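The sequence and structure are shown first.

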Amino acid sequence: MRFPDSLKYTKDHEWAKAEGNRITVGVTDHAQSALGDIVFVELPKVGRELKAGETFGVVESIKAVSDLYSPVSGKVVAVNDSVVSEPSIVNRDPHSGAWLVKIELSPGSDLGGLMDSAKYSEYVETLK
Amino acid sequence: MKRTALFEEHRKLGGRLVDFGGWELPVQYTGVIDEHLACRSAAGLFDVSHMGEITAEGPGSMEFLDRIVSNDVSKIEIGMAQYSALLRPDGGIVDDLIVYRRGPEKYFVVVNASNTEKDFAWMERAYREGGSSFRLENESGKWSQIAIQGPLSERILQPLTPARLSEVKTFRFSESEVAGVPAIVARTGYTGEDGFEIYVGWDSGPKIWSALIEAGTPVGMKPCGLGARDTLRLESKYPLYGNELTDETNPLEAGLGFATKLDKPDFVGKAALVSAKNEGLKRKLVGLELRGAGIPRHGYKVFDSEGAREIGIVTSGTQSPSLKKPIAIAYVPTGVSAVGQKVSIEIRGTKIPAEVVPTPFYKRPY
C-alpha cells in the first residue's frame, strides 16, 4: 500500500494536503481497505466552522460507521459532492478523487502535528 | 479463537479473518457487495461449520423436542426439516433453530453458533427434569457445514452427488454423499436464494469445499464471508438471534407465528404466548425503508413520523446491495406496523423519515 509523499497523515487514517491557506482532507487507502465497500458519506455544509479534533462527518461501509475528524481549526470552504453521490470513489481513489472537504485554516492552525508518508507507513505496519 | 476445518482454505482465498463470537472466520474475501451480488446472480459458498448440532435419538425424543420448541415436531416426516424457536416459560426466545428428522426417532437439531452451549445446557436440564433415557448429544465438534446458495446451486452441486437434487424439495434433505464423502444434503438456507446446506464429518469439510470451489468458480460462484451472509439474510428479512430475536422477544411479535403452533399439546412458553395473543400483540417486527439520506443500524431509535415520540427500535439495518437503498428491520407498535405507515429513524441526532414496506425486501425472481 502506497501513501503519497505529497500528503500528510493522521492517526485516524486521514490525509491532508496544504495548498496555501487551505487544506484538502480525505481518508487514506488503509482506511478504505479496512472499512470495505463504502456505501455512504456524510459531509458538512460549506461555511461550517471546525475546531481541530472535531468530527465533521462520517464515512460508512456496510458494517461500520467511521467518524471524520478535522485535523485543523478552520472553515469548510468546499465539499466533494461527487463522493456523496458515489461513495465507492473512496474505495477506488482515496488519495485524490475522493477528497472530502477543503478547509480554510484559522490563524495559528497548521499541519505541523501530522505524519509524513514514511511515518504513516510505519504506523500502519504496527496495526497489522 | 476457534477455527473450523476450513481455516486454511479461507487463508488461501484471501479471506479477511475476524473474531465472530470466538470463531476465526472470514468477514469477506473480495468484498461484501461483490460476494452478495455473486450469490444472487450465480452462487455463493459459505463456511457455516461454526453452527451447533445436537442429536436427540431414541424413544421419547420427538415428545421431548415438541415440549420445548414452538413448532409442531410431530408433523416432521423423515427427510424433512422444520424451522422453530426454543422458548422460555415467559415466551421469550432462547434460540431459533432447525430440526431435521433423520429417522423414526432420530432428530438432528441445528442451532446458532453463538448459542450452542446455552441451548445444549437448556436441553440437558429439560432432559434431566423429564427423566428421559434417549441419547441427547452435542455433536457440534463432529460436523462441518457448508452452504451453497444462489440460482446455480443445484447445477453446481449435482455432478458432485448421487442424490437427485431436483427431488430434494425445499426444507427436505437427503442422506447421501458429496465428493465421495457421506453427507446430509438439505435444501435449506439463510439467503433467500435456492440452495443447499451440506453437513459432513468435521475432517471432510476441506474436501467438499475444494470440490465446490472447483465446480462453481467457472460459472461465477464466489466464496462469501459473514458480511455478505448478513446482507443477504437481511434483504430476505430472516431474523438474526441477538438482533431480532432475544430472551425478551416472543415468536409472535418477531414474525415467527408460522413456526408457532399454539394448538399443539402443552410446551414451554405456550401459556405465555396464548396470553400475549389474546391480549393483542403490542409490537411487531417490520421492514422499513429510509426516505432520506443515511444508513439505519442496529440499536437506532424509531420515532413517530413527526419525530416527537420514541416508539421502537431498529434491530438490523444496512445499505441493501441488491436494492441499492437503506433498509432496516425494526420493532414498532402494532398500530404503526401496516405497510405504508410513516415513522422516522434517529441517525446521529437527526430524525430521518422512513416508511413500513412489504417484506422480504428482495424477492428472488425464480
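In this predicted model, four salt bridges are counted between chain B and chain A. One of them joins A:E60 to B:R297, with the closest N and O atoms 2.6 Å apart. Nine residue pairs, both members at pLDDT 80 or more, are in polar contact between chain B and chain A.

On the side of chain B that touches chain A, the elements giving two or more residues are helix 2 (32-41), helix 7 (226-235) and strand 16 (310-320) of chain B. Helix 2 of chain B provides the largest share, three residues.

The contact involves 17 residues of chain B and 14 residues of chain A. About 1,200 Å² is buried between the two chains, and carbon and sulfur atoms give 50% of this area. B:R16, B:R297 and B:R348 account for 42% of the area that chain B buries against chain A, more than any other three residues.

The second largest pocket has a volume of about 330 Å³. Among the 19 residues lining this pocket, A:F40, A:V41, A:V84, B:A293 and B:G294 are the closest to its centre. Strand 4 (38-42) and helix 2 (81-85) of chain A, as well as strand 19 (350-357) of chain B, each supply at least two residues of the lining. Strand 4 of chain A gives the most, with four residues.

The table sets out the residue classes of both surfaces.

Definitions and conventions. Residues are numbered from 1 along each chain as its sequence is written. Chains are lettered from A and ligands numbered from 1 in the order in which they are written. This is a predicted model: local features need pLDDT of at least 70, side-chain atom pairs count only at pLDDT 80 or more; totals for chains, interfaces and linings use all residues. Side-chain values use heavy atoms; hydrogens and water are left out. Contact means heavy atoms within 4.5 Å. Buried area is the accessible area (1.4 Å probe) that two parts lose on being put together, summed over both. A salt bridge is a side-chain nitrogen of Lys or Arg within 4 Å of a carboxyl oxygen of Asp or Glu. A polar contact is a pair of N or O atoms within 3.5 Å; within protein, one must be able to donate a hydrogen and the other to accept it, and residues adjacent in sequence count only if both atoms are side-chain atoms. On a 1 Å grid over the protein atoms alone, a cavity is a set of points where a 1.4 Å probe fits but cannot get out, and a pocket is an open set with protein on both sides within 12 Å along at least five of seven lines; lining residues have an atom within 4 Å of a point. Grid points are joined across faces, edges and corners, and a volume is the space filled by probe spheres set on the points.
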